[in-house]
Amino acid sequence: MTELEKQKIIKLRNGGYGYIRIAQTLGMSENTVKSFCRRNSLCGENKSAVKIKDSGCRCRQCGKKITQTAGRKPKVFCSDSCRIAYWTANQDKVVRRTAVEFECPVCHEKFKDYPRNNRKYCSRECYIKRRYGDEP
Ligand SMILES: [Zn+2]
Ligand SMILES: [Zn+2]
């Protein structure tokens with residue numbers, strides 16, 4: 001999908017077009033349009049033309065309904081304070097949930113990292129020590 005196509009979808013969506021109409025207008029598949037709109041929480045304003053769940057147009061933090069401005073980037077939060085509150089709360093969660101304490105098998109130094117990184121050593125020096133047998 002090109003940047004221009006994305007812009008067009010956003011414009012049409014904000015103008016109240018349904019997925020099928022946008023797909024037909026731009027000659028794209030309905031699924032492409034649909035998933036793009038979902039990812040970008042494009043709600044559309046014209047309720048008679050667009051049947052979407054309310055939840056997409058509500059503030060992620062407080063659940064208040066958001067009025068989207070046509071032609072503008074769709075809003076996810078009703079206000080700046082809600083946006084900040086949401087990200088502060090979630091950042092905290094992410095860090096607590098995924099960062100794990102590991103012990104370096106070479107120098108027994110403790111370090112924190114994410115399990116998906118598969119890191120075993122605290123530093124490159126320790127990795128090299130273990131790798132090339134520079135350890136007693
Ligand atoms: Zn809010
Ligand atoms: Zn180490």
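**Figure 1. Cys59 is partly exposed, with 17 other C-beta atoms within 10 Å.** The model is predicted: local features need pLDDT of at least 70, side-chain atom pairs count only at pLDDT 80 or more, and totals for chains, interfaces and linings use all residues. Residues are numbered from 1 along each chain as its sequence is written, while chains are lettered from A and ligands numbered from 1 in the order in which they are written. A residue is buried if 20 or more other C-beta atoms lie within 10 Å of its own, exposed if 12 or fewer, and partly exposed in between, with C-beta atoms placed from the backbone. Cys59 belongs to the loop between H3 and helix H4 (80-98). Helices (H or I, at least four residues) and strands (E, at least two) are DSSP runs, numbered from the N terminus. Not counting residues up to four places away in sequence, Cys59 touches Lys64, Ile66, Phe77, Cys78 and Cys82. Contact means C-beta atoms, placed from the backbone, within 7 Å. Val76 is 17 residues from Cys59 in sequence, yet their C-alpha atoms are 5.6 Å apart in space.

**Figure 2. The protein chain holds five helices and two strands.** Along the sequence, the pattern reads α-α-α-α-β-β-α. The protein chain has 136 residues, of which 12% are buried. Of the contacts between residues at least 6 apart in sequence, 34% join residues at least 24 apart.

**Figure 3. Helix H1 covers residues 3-14.** Its 12 residues should span 16 Å at 1.5 Å a residue, and the end C-alpha atoms lie 17 Å apart, which agrees. The expected span is 1.5 Å times one less than the number of residues in the helix. Buried residues of H1 are Ile9, Ile10, Leu12, Arg13 and Asn14. They pack against helix H2 (19-26) and helix H3 (30-39). An α-helix has 3.6 residues a turn, so residues three or four places apart point the same way. Just after H1, Gly16 has a positive phi of about 95°.

**Figure 4. H1 packs on H2 at an angle of about 140°.** The two axes are 10 Å apart. That angle makes H1 oblique to H2. Axes are lines fitted to C-alpha atoms, for helices over the stretch in contact, and angles run from 0 to 180 degrees between N-to-C directions. Angles under 35 degrees count as roughly parallel, over 145 as roughly antiparallel, 65 to 115 as roughly perpendicular and the rest as oblique. The crossing of H1 and H2 is right-handed. H1 brings Glu5, Lys8, Ile9, Leu12 and Arg13 to the contact, and H2 brings Ile22, Thr25 and Leu26. A crossing is left-handed if the near helix is turned anticlockwise from the far one by less than a right angle, and right-handed if clockwise.

**Figure 5. H2 and H3 cross at roughly 120°.** Their axes come within 8 Å. H2 is therefore oblique to H3. The crossing of H2 and H3 is right-handed. On H2, the contact uses Tyr19, Ile20, Ile22 and Ala23; on H3, it uses Glu30, Val33, Lys34 and Cys37.

**Figure 6. Strands S1 (residues 100-103) and S2 (residues 110-113) run antiparallel.** Four bridges join them. Two strands pair if DSSP finds at least two bridges between them. Phe102 stands opposite Phe111 in S2. Glu103 has Lys110 of S2 as its bridge partner.

**Figure 7. His108 sits in the loop between S1 and S2.** Six residues lie between the strands of this hairpin. Most residues other than glycine have a negative phi, and most peptide bonds are trans. His108 is not a glycine, although its phi is positive, about 60°. His108 is exposed, with 9 other C-beta atoms within 10 Å.

**Figure 8. Glu103 lies in strand S1.** Glu103 counts as exposed, with 12 C-beta neighbours inside 10 Å. Leaving aside neighbours within four places in sequence, Glu103 is in contact with His108 and Lys110. Lys120 is 17 residues from Glu103 in sequence; C-alpha to C-alpha, they are 7.9 Å apart in space.

Technical notes: Two residues are in contact if their C-beta atoms, placed from the backbone, lie within 7 Å.
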